[in-house]
Amino acid sequence: MGRNGTAVSQETGGSRNTISSSLAARLAGVVSALGLREDESEAILADASNRGSALARAAGDGPAAAQLAETAAIAQVLARLAASGRLGRQQVDEVTRRLARTAGLSSDLVGLVLYVEALRGSQLLELPPDEAVEAQLAMLIAFAPISEVSLWRSDPNGRPRCMRLLGKGPATRRVRAAARAALETEEPIPNEHGFIHAIPILRWGHPLAALVVRARPEERERALVFAQEATATLAHAIERQGFLERSAEGERNLVESSERRLARLGLDLHDGPIQELAAFAGDLHLLRRQLARVIAAHEHGDLVLGRIDDLEARLVELDRELRELAISAESSALMARAFPELLSAEVKAFASRYKVEAQLAVRGRLDSLTASQRITLLRITQEALTNVQAHSRATEVSVTVFPGRTHVSLEVTDNGCGFDVERALVQAARTGRLGLVGMGERVRLLGGRFDLQSRRGGPTTVSALIPRWRPLEAGADEGRGAAVSAAYPAG
């Protein structure tokens, strides 16, 4: 029994190894045909081969299991290309023909199976909603016999509004009319003798959006099958977008409320303490003049007057800092300047004022940040730099902003003395010094993640990771700018 069992086990293991090797070889041919870079091909092959092999084992091995694994793995490769915006009809046709020859099936059937599998790949579903919609529409054009596709929603007045259009020209009146009809019904609206076909995208049985495709009458039935498959994943992306918009609205209200309080604080600083300080500085200057006449001949007169001059200089510096604080509390002033300029001004002023070497690196464009995201990132930078000056005794500070595809990250690192994070947070809460707590709360309101890393002896790193997204109605693509960096010497 044991001997037979061992034989069976060895035979099964050999079969699995054969399937894995065969799958890897076929995938390598597919990836090579797609014209990918060598370093990129290796990562894609490893990921797809692992998933394909796991599916083959779960399906019981054999030719059918191998075919299933190959189809799923190739679909995963195509989904990755679609997610990065590099999938075209020529690539799809080449891969479909290869797989159809291997399987002995029709190209139409293989193309449909690949499309359905790729459409539900995590590579597409995990994208930000606007990018997910773009990728899914591009994949629809690459796989289906259609020449144009557009996604529509109703505006607040009930009129159809085009959110995305992939094709050769702007939407025609017939396309708009088809979209309007689809937004008012729960059934597809095929056009048996024309080129324009509309399908409602339903959520909970009600039209959420409309998908309009252009296809030749003889390809209508096949085009509608592909389009109907796309509606489920498009509905998911659109619904996620709605959640983000509602969340952003609530976050915007909270941030605006906070900014109004800061603006009021700025006005109160200007009208109260700053005016009192100016009056005190005037009185001190008058006192110096009076003392100068009285102690002019005294042997320590110059020393006394010098001490008063020092006090006047400190008052001038304090007045300048309070005025800068009052201005920075006004968010409308912040929005009038480019965000990298605001960060640069903060870091440069910090370096000059406190004689600390400071570096700023912005690795990408920040044009698409919302006002709330800009304010939050700037306030965190200000608070982190304030803490560096007050507590760390640092000689070097670096501020790094990296706008990634799905998130924007901020890091402020110093080489100061460091501290015990948990104890510092507890003590700050007890004494009412809520700067660190406030930074974390601002990030949390934006759905992001805040982190503080430090230890005694340093270094200390404050980091924030904030999701970035833009409404589907924003049709312009983000620009791709070059990295920006600057170093500010101490003093």
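Predicted model: local features only at pLDDT ≥ 70, side-chain atom pairs only at ≥ 80, totals over all residues.

Reader: How many helices and strands does the protein have?

Author: Helices (H or I, at least four residues) and strands (E, at least two) are DSSP runs, numbered from the N terminus. The protein has 16 helices and 10 strands.

Reader: What percentage of the residues is buried?

Author: Buried means under 20% relative accessible area, exposed over 50%, and partly exposed in between, with a 1.4 Å probe and protein chains only. Of the 491 residues in the protein, 40% are buried.

Reader: How many aromatic pairs are found in the whole structure?

Author: Rings of Phe, Tyr and Trp (its six-membered ring) pair if their centres lie within 6.5 Å; planes under 30 degrees apart count as stacked, over 60 as edge-to-face and the rest as tilted. The search finds three aromatic pairs. In one of them, Tyr115 and Phe143 are tilted, at 5.4 Å centre to centre with 55° between the planes. This pair links distant parts of the chain, since Tyr115 lies in helix H5 (residues 107–119) and Phe143 in helix H7 (residues 129–143), 28 residues apart.

Reader: Are Tyr115 and Phe143 buried or exposed?

Author: Tyr115 is buried, at 0% relative accessibility, and Phe143 is buried at 8%. Another pair, Phe350 and Tyr354, has ring centres 5.5 Å apart and planes at 55°, so this pair is tilted. Both residues lie in helix H13 (residues 339–354), four residues apart, about one turn of the helix. Phe350 is buried at 4% relative accessible area, whereas Tyr354 is partly exposed at 27%.

Reader: Which residues form an aromatic cluster?

Author: Tyr115, Phe143 and Phe226 form one cluster.

Reader: Which ring has the charged end of Arg203 over it?

Author: A charge sits over a ring if NZ of Lys or CZ of Arg is within 6 Å of the ring centre and within 35 degrees of the ring normal. The charged end of Arg203 sits over the ring of Trp204, 5.8 Å from its centre.

Reader: Where does Val113 lie, and is Val113 buried or partly exposed?

Author: Val113 belongs to helix H5 and is partly exposed, at 39% relative accessibility.

Note on methods: Residues numbered from 1 in each chain as written. Heavy atoms only, no water.
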